Each structure stands twice: as C-alpha cells, then as structure tokens.
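Subject: Model handover and notes

Hello,

Here is the structure I promised to pass on. My notes follow below it.

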Amino acid sequence: MDLRYWLPRAAEVAERWGERFGPFRPHPSHQVDDADFAVAFERFAKRLEHNYPFFHPRYAGQMVKPPHPAAVVGYLTAMRFNPNNHAYEGGPATNDMERECVAALAAVFGLPRHVGHLTSSGTIANLEALYVARQSHPGRGVAYSAQAHYTHSRMCHVLGLQGHAVPADTAGRMDVGALEELLATGRVGTVVVTAGTTGLGAVDPVHEVLALARRHGVRVHVDAAYGGFFALLAADDAQADALELDPAPWRAIAGCDSVTVDPHKHGLQPYGCGAVLFADPAIGRHFAHDSPYTYFTDAELHLGEISLECSRAGASAAALWLTLQLLPLTAQGLGAVLAGGRRAALAWSRLVDDSPQLTLHQRPQLDIVTYFPTPEGPLSMSAADAASERVLRQGMADEHDPVYLSLLRVDAADFTRRHPGAGADADGARVLRSVLMKPEAEEYLPRLHTRVATLAADRP
C-alpha cells in the first residue's frame, strides 16, 4: 500500500459525503493561513525526529511498532467524521463496525455468546473485567501471578479489592500449587491468568487454572492484552507444532469468564485500541445506567451501556475493521504476521545458546527473548546487570549502526533459579529484553544477533 496515494483518497471520502448537505461558510475563527501553518508544521516535523525507529527491525526493544497502512487510512478517513462510539447516534457506521470486530475477536477465543467492546487501552479493559469481578463476588479478592502486569495490583487498589500475588514458577508462569493453597482460603473470587506476560512473554497454564478455579467456584479472567492473537496460531495444529506452541492454554480461554486483548499490539492498530470480552452477556447489568441526552436512537444495546468509558474514538473501530478485511483473524491471515516474530524468537534463542558472548535468560514462549552478556569471569547478578546496561546504552548511542533493546529487571530469587551458579551479590539484576513483534525481524535476525554479540564482546 502506498500511503501517498491512499491518504488523499481518504481526505476525499468525508468531503464527498458532506456535499450532500449543501454548502455553508466556515467560521473565520477556524481559518489558518497556509504560510503560518507551514511554519508550525516544519517545527512539528522537526520535533518528531526526536524518536526511535519503531518501524525498523534494528529496533528490538519495547512492544511498539507502527500500525498497518490499512489501519492508518481507516483511522484518518473515519477521523474526518469524528464518530463517538459511546452511543449509536454518535456514529452508526463505526458502531456497526465495532460490533463486527468484537464478534470476530470473540470467535478467536471461542466465545460464541458474548458481550464486549473496544477500549482505549488494555489497562481500561482489565479495569472493566476486575470491576465485574468485584460486582460478581463482593468482598472477595483477586489473584494474579507475581509476573502479571502491574495494572492488576493497581486496579485492585482503585476498586478497593484485595489483590493476591501468586508466585511464579521457573518459567515465569503462575504456580498452580500456590494458587490452590490460596483458593482454599475462600478469600478469592477471581483469578487473573496472563496469556503473554509483558516481561518474559510467559503464558500461564490457563487450562490448569480454569479447572482448579471451577472447583472453588471462582471466576477466571484472561489478560491476553499482549499475547492474545497467538490464539490464531494455537488453533492450527500444524502451526502450533511448527512454532512450538502449546495449544492447551489458548483453547481453554473459551471456558473462561472474560478476556482482554490489545489490537494496538499484535493487531497492527494505532494507539489506543484495546478490547474486553465477557462470555456471559448478562454481565451488562453491572454497567446499567441511563443518559437522558445520549441514548435516543433505536438500538438494541448501545456500546456505552456496557462500558465504564464514555466517549471512545469510532475511528479505532474503523481502523480495525478495515485491517481485518485484508488480514482476517486466521492463522494464514493476521497469524502469519505473528508467526514471523515467533520464528525469529526461536531462531535467536538458538543463536544465543551457541554464542560465547551471550547467555539466554529464559527460552521464549512467544516472541520476547531475554538474555545478557556472558561475563569473562564468574557470573554474578551485579556483573550481568552492568553488562546489560552497557550494551543497551552503547547500542542506542551508536550513530552509524544503532540497535535498540530494552531491559527487564529480575529479582534475585528469579535470577538464581534460572542461573543456579550466579553470585547473589545484589537484590536483582537487569537483563536484556527484545520484543520481536515485527515479522521483518526474521530476515534481519542474523545482522541483529551479530550486532548485539559484538557489543557484548566489546568489554571496556
């Protein structure tokens, strides 16, 4: 797709549509001189140069990448109309698109009966899920892995819920034995399982947790904000086997009570576009409210009636809808994008295993690789920490051949469990972390690995 061709076409859509309502004179207060705008835009463009190349495979740091061109065109086209998907009359077209997108997402997770909507972020999606957890089990707390995203402990605080951090196992997944002991106390009403932690990319054993939770009469919420779209690959036996993905956790999501997923991560969408889905449509009662000046068209259910958010960008629904027309939610559609990143992560872990300059911290479960420079002498946490930071800084500072990585802070217990011979001379260590969510990383990987290994070997 050539954006230089399609963006002018996008601008024409709203103009042609608006002509049917007849001409009017724009108010002079809106008018801006082109020469003045040119000066401001030049300053604006210069400011944007102070950024990182998220589009390039040499950027292997945080979980950030540009949206698909189809999403850009869809968003900008709909933004000219500026629909608000809080109520149907705020944007009938984009409300319909959102319902279709949500139904498609629900099908990915095997939720035929569902209620849900897009959100401005995964944080808000998880907030809504925990809000329903509180309303469903008043006075009972929420359990989540110690490796879960910090949003869960934060939102428990916001909602006045008691949060319980469950220890993780040696692979960064929720320890089911520790969870069982906690559930036996009767203090927990909902368990949050994570399908792709943002630190390690670990996948909690959803299938095991679900069976345990049901025995205790406890709800299960799946935080699949990061890894949710890997369900596309897990649903295909051949793909799952080739990519070394255990399908059991993903297929168990169909039996859970709610799930969040972020299309603005692996779904190729611009920020912010999250989603929350509930298996039981009746949970809408927890959001029941009235707005005497908003809900007046004949809609079966306004999206704002099942959401804690009010105004939401209809352009987000338009962008996702247009993208899914071209890259459907199948293993061969959008799944092919994720498969490239997964293959890159597996390949890099093997290269690190064979590298004298680098040590693998944990084998990747999705597309996040964690590792650190191999020290010359005995391994210690302080040595791994200092070396990891050095490689990060030197890689970013190199003007001629930069590489962009990120750091993950690991506490002493987790580090020594993975590296038993390490000297515990600190309360933790930072290791290098690379998110290979751009499929271009697969082809670029040999150069990326060589560059990082060279930096690791270039000791001061």
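Arg363 is partly exposed, at 43% relative accessibility. This is a predicted model, so please read every value here as computed. Arg363 forms a salt bridge with Asp353, with the closest N and O atoms 2.8 Å apart. Asp353 is also partly exposed, with a relative accessible area of 43%. The pair links distant parts of the chain, 10 residues apart. Arg363 sits in the loop between strand E8 (358-362) and strand E9 (368-373), and Asp353 in helix H13 (residues 334-353).

More on salt bridges. The count comes to 20. Arg430 pairs with Asp385, and their closest N and O atoms are 2.9 Å apart. Both Arg430 and Asp385 are buried. This pair too links distant parts of the chain: Arg430 is in strand E11 and Asp385 in helix H14 (residues 381-397), 45 residues apart.

Helix H14 also holds Arg393 and Glu389, 4 residues apart, about one turn of the helix. Their side chains meet in a salt bridge, at 3.7 Å from N to O. Arg393 is partly exposed at 46% relative accessible area, and Glu389 is partly exposed at 27%. Elsewhere, Arg58, Asp398, Asp401, Arg447 and Arg451 are linked in a network of salt bridges.

The largest nonpolar core has 63 residues. Phe109, Leu179, Val191, Val222 and Trp250 have the most contacts inside it. Beyond its neighbours within four places in sequence, Trp250 is in contact with Ala195, Val203, Gly227, Gly228, Phe230, Ala231, Ala234 and Leu366. A second, separate core has 23 residues, including Trp348, Leu360, Val403 and Ala441.

His221 is worth a look. Its place is in strand E5 (residues 219-224). His221 is buried, with a relative accessible area of 1%. Not counting residues up to four places away in sequence, His221 touches Asn126, Ala129, His152, Thr190, Val191, Val192, Val193, Ser258, Val259 and Thr260.

Next, helix H8 (residues 206-215). Its buried residues are Val206, Val209, Leu210, Leu212 and Ala213. They pack against helix H7 (176-183), strand E4 (188-194), E5 and helix H11 (247-252). Just after H8, Gly217 takes a positive phi of about 65°.

How many disulfides does the structure hold? The number is 0. Cys156 is in none, and the nearest cysteine sulfur, that of Cys256, is 17 Å away. A disulfide needs the two sulfur atoms within 2.5 Å, so a gap of 17 Å rules this pair out. Cys256 likewise is in no disulfide, and the nearest cysteine sulfur to it belongs to Cys156. Cys156 is buried at 1% relative accessible area, and Cys256 is buried at 3%.

Last, the surface. Val32, Phe37, Phe41, Phe44 and Leu48 make a nonpolar patch of about 520 Å². Leu48 is found in helix H2 (residues 34-48). Leu48 counts as partly exposed, at 46% relative accessibility.

Glu440 and Phe55 are 385 residues apart in sequence and 9.5 Å apart in space, C-alpha to C-alpha. Glu440 lies in the loop between strand E11 (428-435) and helix H16 (441-457). Glu440 counts as partly exposed, at 45% relative accessibility.

Best wishes

Conventions. Residues numbered from 1 in each chain as written. Predicted model: local features only at pLDDT ≥ 70, side-chain atom pairs only at ≥ 80, totals over all residues. Heavy atoms only, no water. Core = buried A, V, L, I, M, F, W, Y, C linked by side-chain atoms within 4.5 Å. Buried < 20%, exposed > 50% of the residue type's maximum accessible area, 1.4 Å probe, protein only. Contact = heavy atoms within 4.5 Å. Patch = residues over 30% accessible without salt bridge, like charges linked within 9 Å, V, L, I, M, F, W, Y side chains within 5 Å. Areas by Shrake-Rupley, 256 points an atom, 1.4 Å probe, with all protein chains shown as cover. Salt bridge = Lys/Arg side-chain N within 4 Å of Asp/Glu carboxyl O. Helix = DSSP H or I, 4+ residues; strand = E, 2+ residues; numbered from the N terminus.
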